[in-house]
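The tour goes stop by stop, with something to select at each one.

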Amino acid sequence: MTLQVSGIDTFYGTSHILHQVSLEIGEGEIYAVLGRNGAGKTTLLRSITGVNPPRNGSITLGGVEISGLKSHVRTRLGLSYVPQGREIIPDITVAENIYLALLGKGLKSDKVPDIVFDYFPKLRELLGRKGGVLSGGEQQQLAIARALVQEPKLLLMDEPTEGLQPSVVEEIDAIIKRIPTDRKCSILLVEQNLDFVRSIARKFAILDTGRIVCQDETDRLTDRIVRQYLQI
Amino acid sequence: MVMQSIITQLLNGFSVVAILVIAALGLAIIFGVAGVINMAHGELIMVGAYTAAVVGKAGGNTFIAMPVAFIVVGLLGLAIERGIIQWIYDRPLETLLATWGVGIILQTVIKLIFGPELYYVGAPKILRGGFHLIGRLPFPWYRLFLIVVAACLMALVFVVIFKTNLGLKVRAVRRNRAISGCLGIDTARVDMLIFCFGSGLAGVAGAVLAPIKSVSTTMGFPYAVDSYMVLVLGGVGNLWGVVAGSGLIGEAETILSFIFNNVIGRLLVFLFIVVIIRIVPRGIFGYSERQ
């Protein structure tokens, strides 16, 4: 098992956001988390990364308990994160964003690894540009590249296609599909596009007001479930 | 004659700018990266000056005092960060009060050790006296030395921030602490190192400023006030802001003080800063890029 989340409760101040959330992700698996806005999807990813650590419960990565560890230690153990809105460091270059990810993983390199250009050839011509001036699609490519150079065991992706134009969405979708087999890593994906989730993920969980209300294999993600839990 | 006076004031202004840069650099780094409003900055400068006084008594001079003050005050900064600040980074009011308290403690401890009397630190022999720049305009060697030190410290900071791995981490942490952590950067360690480095720079400031001011436990306060003015005017978190803020304040204060007097000159500089931050609230080098 790559990731095991058991009964976590996460708070923002006094607000109880996640209630006894549990899920398991196997090796090389893509697992989708669905839910309406404000359901707690991003909070779940932030709990796993350590940005908003849960107050109780357990999170193990590859059998190692990580719930009490700081974010940077979790990254070194094999967790990489593609956050919602990309969150590229804006005033450093594309190359420096990549070097930063390598440094964070404890890998030192004077050149950008080839894997970046294998997935995103366009980044080669953007290496010297500041992250803050890239388009949304280019920033998303950089965010994914930044995570991949860390050779993660588990990749957390928070709405990677949000706000992108359709042609870029198709490109990003194709790359996400390649990652588990190419990179031998699992993916925990927060995504609103149900067709994409059905085409890519083996299992899903639906969060509703911080609780997991449905958890199954994606071929059982029926229209009734969608109407009940996901439509406004 | 008028032209000579203007040139003299401009040159004096350069040395005031240099003093402001030297005093503000450490604060700019700590405030800009760690987000700590370090109310003990003036006292760190003061400890640097006392370090220079001790080095002087032991037979050393400013050249020796500078690295010694960097190490002594840097280690003091490390102790402050590890002992107090690391627990309260996310609470601005508490960091402000805590560093204010640290400043009072430092003043008291130094007064207990060295007594209430003033100390005088002489400039190195090689930097005593002056030279003539244009015509018969005199200019002290030590003022020129301050300008060189300011330029060298700026260069050092630029190299550390823009040419080293630590600098890359610092720039990332300054812009997005949470994501830097998720990228594997130990943000607490970056904060610690930057607090230590910024404190060390304040120590160097004290060591080089000691020969132009009597060394006392309260000597750091005016420098701390000037440093905050530089940061507010130049923009927090940008090293060019330190240069711009120091340049504007230093030259404006020198020229206005010459035309009117010191009090009115100072008052007009404050008014000038209020007007500027009314127009550009984030300072001259505030950020404006696509996120």
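How much area is buried between chain B and chain A, and what share of it do carbon and sulfur atoms give? About 2100 Å² is buried between the two chains, and carbon and sulfur atoms give 64% of that. This is a predicted model. It scores ipTM 0.92 and pTM 0.87. Chain B averages a pLDDT of 90, and 97% of the residues score at least 70.

**Stop 1: the interface**

Select the contact residues on both sides. Now look for charged pairs. The rule finds 3 salt bridges across the interface of chain B and chain A. One of the salt bridges to pick out joins B:Arg175 to A:Asp91. The closest N and O atoms of B:Arg175 and A:Asp91 are 3.3 Å apart.

**Stop 2: helix 3 of chain A**

Select residues 94–104 of chain A, which make up helix 3. How many of its 11 residues are buried? The count is 10, so the helix is mostly covered. Among the buried residues are A:Val94, A:Glu96, A:Asn97, A:Ile98 and A:Leu103. Show the neighbours next. Within chain A, the buried residues of helix 3 pack against helix 2 (71–76), helix 4 (114–119) and helix 5. From the other chain, helix 6 (165–175) of chain B joins the packing. Step just past helix 3 of chain A and stop at A:Gly106, which takes a positive phi of about 85 degrees.

**Stop 3: two glutamates with positive phi**

Select A:Glu151 and then A:Glu159. A:Glu151 has a positive phi of about 50 degrees although it is not a glycine. A:Glu159 is not a glycine either, and has a positive phi of about 45 degrees. Where do they sit? A:Glu151 is in the loop between helix 5 (136–148) and strand 7 (154–158) of chain A. A:Glu159 is in the loop between strand 7 and helix 6 of chain A. Is A:Glu159 buried or exposed? A:Glu159 is buried, because its relative accessible area is 8% and the cut-off for buried is under 20%. A:Glu151 is exposed, at 54%.

**Stop 4: A:Pro180**

Move along to helix 6 (residues 166–183) of chain A and select A:Pro180. A:Pro180 counts as buried because its relative accessibility is 11%. Leaving out residues up to four places away in sequence, A:Pro180 touches A:Gly28, A:Ile30, A:Cys185 and A:Ile187.

**Stop 5: salt bridges within the chains**

Side chains of opposite charge can pair when their charged atoms come close. The count over all chains comes to 15 salt bridges. In chain A, select A:Glu29, A:Arg202 and A:Glu217, which are linked in a network of salt bridges. Then select A:Arg220 and A:Asp216, whose closest N and O atoms are 3.4 Å apart in a salt bridge. A:Asp216 is partly exposed, with a relative accessible area of 27%.

Switch to chain B. B:Asp191 and B:Arg177 form a salt bridge, with closest N and O atoms 2.6 Å apart. The pair links distant parts of the chain: B:Asp191 is in helix 8 (residues 187–209) and B:Arg177 is in helix 7 (residues 177–182), 14 residues apart. B:Asp191 is buried at 3% relative accessible area, whereas B:Arg177 is partly exposed at 30%.

Next, select B:Arg266 and B:Glu253. Their side chains meet in a salt bridge of 3.1 Å, N to O. This pair also links distant parts of the chain, with B:Arg266 in helix 11 and B:Glu253 in helix 10, 13 residues apart. B:Arg266 is partly exposed, at 22% relative accessibility.

**Stop 6: the nonpolar patch on chain B**

Show the surface of chain B. A nonpolar patch of about 960 Å² is made by residues including B:Val2, B:Met3, B:Ile6, B:Phe258, B:Phe260 and B:Ile264. Which helices each supply at least two residues of the patch? They are helix 1 (2–34), helix 10 (239–259) and helix 11 (262–279) of chain B. Helix 1 gives the largest share, 4 residues. End on B:Met3, in helix 1 of chain B. B:Met3 counts as exposed because its relative accessibility is 56%.

Key:
Residues are numbered from 1 along each chain as its sequence is written. Chains are lettered from A and ligands numbered from 1 in the order in which they are written. This is a predicted model: local features need pLDDT of at least 70, side-chain atom pairs count only at pLDDT 80 or more; totals for chains, interfaces and linings use all residues. Side-chain values use heavy atoms; hydrogens and water are left out. Patches are made of residues with over 30% relative accessible area and no salt bridge: like charges are joined within 9 Å, nonpolar side chains (Val, Leu, Ile, Met, Phe, Trp, Tyr) within 5 Å. Accessible areas come from the Shrake-Rupley method with a 1.4 Å probe; for residues, only the protein chains shown count as cover. A salt bridge is a side-chain nitrogen of Lys or Arg within 4 Å of a carboxyl oxygen of Asp or Glu. Buried means under 20% relative accessible area, exposed over 50%, partly exposed in between (1.4 Å probe, protein chains only). pLDDT is the predictor's confidence in each residue, from 0 to 100. Contact means heavy atoms within 4.5 Å. Buried area is the accessible area (1.4 Å probe) that two parts lose on being put together, summed over both.
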